[in-house]
Amino acid sequence: MTDVQTFIVEPGTRELAICTRWRVNAFSVLQASFEQELLSLELFASDHTHGVALIAKVDGEAVGTCLLVEAEIEPNHDVSPWLAGLFVVPEHRRKGAGAVLVRAIEDQARQREFLRLYLYTTEAVGFYAKLGWSVLDRTSWKGLDTALMVRDL
């Protein structure tokens, strides 16, 4: 496993723009332009009280991002908080960055004294299960077979 470090994304930084670009390109469900998502992420990153955006770096190079949020986009379940938007650049996948980001978001949730954390996934149930997450429910979300997963902190 490579040496992956995580950092809180701050407003007005180069990292914020990098995370925005990844999110717009990777998550079509956002249905946002780069400018719209940049503004949204800028506002989100300006208050770490209930949530946070993290960026992962390897040797100073940005390789991934993940968010801790109070509400997921159009959730089918009324629960909170959420691990959302896990993204790792393709050339760094399967090298530990995703797991480091998940653990860092879990730590951020614990620091905010949350007892449980939730996420939706359409394709990564096995990945999250290896990290201690459990499937709580299956649902159709945006027309996709989706697992609601939970992790007690």
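Q: What should the twelve residues of helix α2 (residues 34-45) span, and how far apart are its end C-alpha atoms?
A: A quick heads-up: this is a predicted model, where local features need pLDDT of at least 70, side-chain atom pairs count only at pLDDT 80 or more, and totals for chains, interfaces and linings use all residues. Residues are numbered from 1 along each chain as its sequence is written, and side-chain values use heavy atoms, leaving out hydrogens and water. Helices are DSSP runs of H or I with at least four residues, strands are E runs of at least two, both numbered from the N terminus, and the expected span is 1.5 Å times one less than the number of residues. For α2 that should be 16 Å, which agrees with its end C-alpha atoms being apart by 16 Å.

Q: Which residues of α2 are buried?
A: Buried means under 20% relative accessible area, exposed over 50%, and partly exposed in between (1.4 Å probe, protein chains only). On the other side of α2, Glu-35, Leu-39 and Leu-43 are exposed. The buried ones are Phe-34, Glu-37, Leu-41 and Ala-45.

Q: What do the buried residues of α2 pack against?
A: Contact here is heavy atoms within 4.5 Å. The partners of those buried residues are α1 (14-26), β2 (52-58) and β3 (61-69).

Q: How many disulfides does the structure hold?
A: A disulfide needs a pair of cysteine sulfur atoms within 2.5 Å. The sulfur of Cys-19 has its closest cysteine sulfur in Cys-66, 10 Å away, so that's too far for a bond. The number of disulfides is zero.
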